[in-house]
Amino acid sequence: LDTAQRLYREAAAGTAEAVERDPGDPQRLFDHAQNMYHFGELARDRGDPKAAETAYREYKRLADQMVEIEPDNLKYRMEVQYARENLGIVLFNQRRYAEAAALFEGALGPIESLAALDPQNSAYQRERATILSWVAQSQWVLGRLDAAIRVRQRQISFLEQQLKGDASDVLVREKLIPARRSLGLLLTQRGNVEGGVEQFNLALDEAHRLMSVEPTNSVWQELAATVRLELASNLISLRRGEEAAREVAA
C-alpha cells in the first residue's frame, strides 16, 4: 500500500498540473479524478475514513465539474454516480447515516434514468441494483422499516427482470441472495415472521441454483449458510424446532 500510495501521489501531481494548465478540459479533470478515487480507496483500506472522505469529496467535485462542462457525456455522469456512492459508503461506515442516505437517494434518480436510457448497458444496470441496495440499507439503519421494505422489493423486482433477459447471469443471481435475506430480516423485524421465512427460502433457492453451477464456490456457500442461520432463527420463533435444527446442521 505504501508503494501504491507513492505512485498515485506522483501520478496525482502530474494530473493536478495538467488541470491547472487547462481547468476547462474535462478529460484532464477525469484523469485527476481517477487518482482522487484511488486515494480514497487506499485510505479506506488503511482504516482512515477521514482521509477517504476528503479524497472522495474531491473526486465528486471534479466529477461535478466534468458534467458542468459536458452535461450530455454519459461517462462523466457515471463518474458523479460513482463519487456519490463511494462518499456515501464512507459516511455510512462512520455512522453518519442521514448524510449517507441523502447521497444514495440523490444517486438513485439519475442512475435509473441512465439505466432506462440504455437497457443493454450492464454497468448502468449493476449500478442501479447497487444504489437500490444502499438506499434500502440506509433507510433500515434510520429506522424507516416500511421505506426499506419498499426499496428492497424494488431491488428484487429489478434483479428478477434482469434475469428474464439472461437467466444464466450468475452475478445478478448472486445479488438476489443478500437482497432477499435483507428483505426477510426487515419483514421479521416488522413482525411478519412467516414472510421472513418465505424470503429466506427464496434466497436459498437462488443459492442452490448457483451452487449447481459451481458447487465449490465458497462465496455462494457462505451466503447460503448466512441465510440458513436467519431462517433457523425464524423457525425457532415459530416453534418449528425440527426444521430449524436441520437448517443449522446444513
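Student: What makes Asn73 a cap for the N-terminal end of α4?

Tutor: A side-chain oxygen of Asn73 lies 3.0 Å from the backbone nitrogen of Lys75. That counts as a polar contact, because the term covers a pair of N or O atoms within 3.5 Å (within protein, one must be able to donate a hydrogen and the other to accept it, and residues adjacent in sequence count only if both atoms are side-chain atoms). A word on the source: this is a predicted model, where local features need pLDDT of at least 70 and side-chain atom pairs count only at pLDDT 80 or more, while totals for chains, interfaces and linings use all residues. Residues are numbered from 1 along each chain as its sequence is written, and side-chain values use heavy atoms, with hydrogens and water left out.

Student: How do you know whether Met78 is buried or exposed?

Tutor: Met78, which lies in α4, has a relative accessible area of 4%. Buried means under 20%, exposed over 50% and partly exposed in between (1.4 Å probe, protein chains only), so Met78 is buried. As for α4 itself, 15 of its 20 residues are buried. Leaving aside neighbours within four places in sequence, Met78 is in contact (heavy atoms within 4.5 Å) with Ile111, Leu114, Tyr124 and Glu127.

Student: What makes Glu247 buried?

Tutor: Glu247 is found in α11, residues 241-249. Its relative accessible area is 16%, so Glu247 passes the test for buried. The side chains of Glu247 and Arg228 are joined by a polar contact of 2.6 Å. Beyond its neighbours within four places in sequence, Glu247 also has contacts that include Leu204, Leu231, Ala232 and Leu235.

Student: What makes a space a pocket, and how much space lies in the largest pocket?

Tutor: On a 1 Å grid over the protein atoms alone, a pocket is an open set of points with protein on both sides within 12 Å along at least five of seven lines, whereas in a cavity a 1.4 Å probe fits but cannot get out; lining residues have an atom within 4 Å of a point. The largest pocket holds about 360 Å³, a volume being the space filled by probe spheres set on points joined across faces, edges and corners. It has 20 lining residues, with Ser122, Gln125, Gln162, Asp169 and Val172 nearest its centre. α5, α6, α7 and α8 each supply at least two of the lining residues.

Student: Which helix gives the largest share of the lining of the second largest pocket?

Tutor: That is α8, with 5 residues. About 160 Å³ of space lies in this pocket. Pro178, Arg152 and Ser182 are among its lining residues.

Student: How many helices and strands does the protein chain have?

Tutor: There are 11 helices and 0 strands. Of the 250 residues of the protein chain, 42% count as buried.

Technical notes
Helices (H or I, at least four residues) and strands (E, at least two) are DSSP runs, numbered from the N terminus.
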